[in-house]
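Here is a friendly briefing to read beside the model. Please keep the sequence and the 3D view open as you go.

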Amino acid sequence: MRLAIDVMGGDQGPRAIIEGSAKAVIERPDIELTLFGPRQRIIAELSRLPQPLAAAASRLVACDVSDAVPPSASAAWALRRGHETSMARMLRYVAEGGAHAGLSAGNTAALVALSRRELGMISGFSRPAISTAIPSRGGRRCYLLDLGANVDSPASRLVDFAVLGAAMAHCIDGIDRPRVALLNVGAEATKGSVTVRETDHLLRECASSLPFVYLGYAEGGDIFQGEIDVMVCDGFVGNVTLKASEGLTRMLVERVQWAFESRLCGRLASVLAKPVLKRLKQELDPVRYNGASLLGLKRIVVKSHGSAGADGFYYAIQRALQEVERDLPTQLASRWS
């Protein structure tokens, strides 16, 4: 199995991306990664890999690309001038069948625009949506979308997002009829923007023919209750919700640790509670949920958080591998479009 990696997009530079890639290759001997970026820089980073990861270098292939998409680039800039950037070359490689999926930690607007142009959309969908899984009660997870690909979306597009999110929950988690809700400021029928109310009307109008259960409106806190599989919203709301959730999670973990360490009795109790605290931190750590899918494309593309380190990018690769193994675009095209 081959994946294509844009090494030039992350805030921490190629080192974190290449180290995360090496970790994935060491764990999975059946995969090979093609790294798109300046060849000499890639080779230099490969030579600096920690000893436990050094053996991965033979399955990390450098593809020399000197140009990169700037962090401040707009979608229009990417479409006009980004044709030979590491991001575009990586996507073209996926489109030509050189890799089963592509990953980038680069500029989101550019990635969405270039992915749509280079890979094309599945019939029936007009624009890709960015989605990720958020942990919820009972060991379940809720897919939230859109997360920023479409900041302001009409009702028809939000309906598309409901279908895409349900397809993700069905294909990846095996949920026969996913439970889908529309994020709103309240459950009352009169609340919400005109677009949200129109989306609710459209979903209720065709509820009997939908391949999922539409639950109606839900509030932000309902994401974590374990009773919703997919939460639909526009990209502005989704991005704010996700970033706020990540910040709150980090703060809560730090406060729990501080509470144990602030007093002597707490420090003694922390010795006994250390395994539980470690497990809690691992389960809630946003790094473990890094990697957002661009749903609706003909091929698989995963967007890593720009600030992700090596561990975060490793988890983004795991997301891509999972989608490849489930053949997500084919399932979506044949059963959901």
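**The largest cavity**

L294, L295, G296, L297, R299, I300, V301, E323, L328, P329 and L332 form the lining of the largest cavity. This is a predicted model, in which local features need pLDDT of at least 70 and side-chain atom pairs count only at pLDDT 80 or more, while totals for chains, interfaces and linings use all residues. Residues are numbered from 1 along each chain as its sequence is written, and side-chain values use heavy atoms, leaving out hydrogens and water.

- The elements giving two or more residues to this lining are β10 (292–295), β11 (300–303) and α11 (328–335); helices (H or I, at least four residues) and strands (E, at least two) are DSSP runs, numbered from the N terminus.
- The largest share, three residues, comes from α11.
- The volume of the largest cavity is about 60 Å³, and the structure holds two cavities of 30 Å³ or more.
- On a 1 Å grid over the protein atoms alone, a cavity is a set of points where a 1.4 Å probe fits but cannot get out, a pocket is an open set with protein on both sides within 12 Å along at least five of seven lines, and lining residues have an atom within 4 Å of a point.
- A volume is the space filled by probe spheres set on the points, which are joined across faces, edges and corners.

**The second largest pocket**

- The second largest pocket has a volume of about 270 Å³.
- Of its 14 lining residues, R141, R288, Y289, Y315 and R319 are the closest to the centre.
- β5 (129–135) and α10 (310–326) are the elements that give two or more residues to the lining, and α10 gives the most, with four.
- At least three lining residues come from each of domain 1 (1–125 + 296–337) and domain 2 (129–288); these bounds come from an automatic or database domain assignment.

**The sheet and its helices**

- An open sheet of 11 strands runs in the order β3-β2-β1-β4-β11-β10-β5-β6-β9-β7-β8, with mixed pairing; two strands pair if DSSP finds at least two bridges between them.
- Its edge strands, each pairing on one side only, are β3 (60–64) and β8 (213–218).
- Strands β7 (residues 179–183) and β9 (residues 230–232) run parallel and are joined by three bridges, with V180 opposite V230 in β9.
- Helix α5 (residues 108–119) lies across β4, β5, β10 and β11, at about 175° to β11; contact means heavy atoms within 4.5 Å, and angles run from 0 to 180 degrees between N-to-C directions of axes fitted to C-alpha atoms, for helices over the stretch in contact.
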